[in-house]
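Me: Please take a close look at one part of this model, the packing of its helices, and walk me through it in a single connected answer.

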Amino acid sequence: DLKDEKKKARMAASRAVLEKCTMMLLTASKTCLRHPDCESARINKDGVFHRMRLALEQVIEIVTDSRPNGENEVAPISIYTGIKEFKNKVEGLRENLYFLSKENLSTMLEVILEHTEDFTDSAYTSHEHREHILELSKQAKMELEQLVSVWMQAQNQKTKDLMEDLEVAILKTCQCMNELKREVHSAATSLAADLLKYHTDHMILKALKITGVEGNLEAVAEYTCKLSEQKEQLVEIISAAETLALHPSSKIAKENLEVFCEAWESQLSDMSMLLREINDVFEGRRGEKRVYLSLPRPGKHNANLKTLKPVKLDTEEQAKIAKLGLELHLLTSDVDSETEKWEDQENEIVQHGQGMSSMAYSMYLFTRGEGLLKTTQDLFHQAEIFATEGMKLASALQVFSEQVHDDDKPLLLLEAEKLIPICKQLQITAKTSVQGKSATFTKYFVVAVPYEEEEFTSS
């Protein structure tokens with residue numbers, strides 16, 4: 001029931017951490033019990049516990065609206081928020097020439113420019129981005145000096161010419177800060193994209209699994225260094241690999257490493273999706289819907305349907321729905337990652353795949369009580385559209401198979417043929433009228449799991 005958007009986002013982040021850590025904690029604990037004298041196994045389990053404790057502390061903080069030890073909440077300091085506040089102060093000079101000091105503005109700019117050093121000092125930032133950021137930082141100082149000069153004169157003598165000069169100085173200063181913000185954003189997204197590209201084939205994770213099974217501690221250490229260069233928080237995966245290398249014949253140690261590797265792959269998928277969303281917001285596309293996203297419109301699809309009474313689900317039913325929702329979320333991330341690799345984004349297969357992924361994501365949001373789907377009727381209608389899109393995808397796959405002349409052709413046709421009856425069955429189920437809690441709950445499970453995982457992702 002949180003109303004504040006920031007608190008809702010933080011709660012969702014905490015929940016995601018706890019969901020992903022659940023399986024990791026299970027296998028890490030089993031490994032620790034199986035190999036009680038293994039130091040890396042203990043480190044592995046402790047790392048998961050630590051992450052879960054941090055997530056739970058954030059939940060407590062949000063729910064109780066308090067911070068540990070009575071600390072006051074400190075607003076996150078970032079270049080983006082710093083520039084936003086700085087511009088607000090500068091533009092405020094139009095209304096009041098005396099509400100802040102020049103020292104105050106200079107200090108604010110200095111703090112912003114100090115943060116940009118994280119990019120200019122980084123070995124991973126391109127030479128072009130580094131030069132542009134330094135150049136814009138220098139220009140921002142000059143623009144502020146000019147602004148302060150005109151501002152001080154205007155305080156002593158408020159003439160028309162001086163006020164016009166002040167307006168020009170304000171505009172130029174704000175424009176320079178906007179350019180700096182855009183350049184830093186570009187550098188940040190480039191770094192994130194490079195990280196994603198580096199890990200696309202998951203070669204290091206595969207190497208860790210192989211060297212772990214071989215019991216090759218030296219090779220594990222070598223790949224550990226490569227992995228640590230990209231992300232310092234990968235200590236849990238590293239300790240899982242070390243445990244397997246120490247006990248190469250241990251079935252649970254191998255399973256544990258698999259779980260942690262899958263969690264890392266999932267994190268990369270989430271990062272890719274987050275990167276797209278950040279770019280959409282930054283470019284002013286927030287709230288736009290892609291043309292393939294077909295969501296129900298209130299009052300149209302269910303005008304002739306009898307309204308279903310809301311039902312109260314028990315704990316077990318809620319847990320099942322949450323599990324299904326998480327599986328849908330992970331699948332949509334996988335599909336999005338695959339479709340992004342296609343050079344031709346206008347390809348019919350890509351568009352249908354993206355459409356189905358987007359609709360599946362809206363179903364995932366429904367399991368969390370979020371998104372545009374508000375009722376089970378909305379969900380069932382979305383499932384009908386989803387099935388229709390699946391039929392179109394199957395047709396496109398069959399056409400595409402005519403262009404394939406290698407061993408992949410039979411497999412492609414097989415997947416397309418499997419897709420058609422599943423979609424037809426989903427259409428029939430979604431259109432079937434049901435009444436009562438039990439029938440609605442059963443129908444929901446059929447609709448919410450339109451494909452088995454291997455069929456959905458391989459298609």
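**Helix packing**

Reply: In this predicted model, helix α13 (residues 376-401) packs against helix α14 (residues 408-431) at an angle of about 160 degrees, and their axes lie 8 Å apart. Because angles over 145 degrees count as roughly antiparallel, α13 is roughly antiparallel to α14. The crossing in which α13 passes α14 is left-handed. Sorted by class, the contact of α13 with α14 holds 17 nonpolar, five polar and four charged residues.

A second pair involves helix α1 (residues 5-34) and helix α2 (residues 39-64), which pack at an angle of about 155 degrees with their axes 8 Å apart. α1 and α2 are therefore roughly antiparallel to each other. Their crossing, that of α1 and α2, is left-handed. By class, the contact of α1 with α2 has 17 nonpolar, five polar and six charged residues.

Helix α4 can be taken by itself. α4 covers residues 102-120, and at 1.5 Å a residue its 19 residues should span 27 Å. The buried residues of α4 are L105, M108, L109, I112, L113, T116, F119 and T120. These residues cover an arc of only 135 degrees around the axis, so they are on the same side of α4.

Conventions
Residues numbered from 1 in each chain as written. Predicted model: local features only at pLDDT ≥ 70, side-chain atom pairs only at ≥ 80, totals over all residues. Heavy atoms only, no water. Helix = DSSP H or I, 4+ residues; strand = E, 2+ residues; numbered from the N terminus. Expected span 1.5 Å × (residues − 1). Buried < 20%, exposed > 50% of the residue type's maximum accessible area, 1.4 Å probe, protein only. Arc of directions from axis to C-beta. Axes fitted to C-alpha atoms, helices over the stretch in contact; angles between N-to-C directions. Parallel < 35°, antiparallel > 145°, perpendicular 65-115°, else oblique. Left-handed = near helix turned anticlockwise from the far one by under 90°. Nonpolar A, V, L, I, M, F, W, Y, C, P; charged D, E, K, R; others polar.
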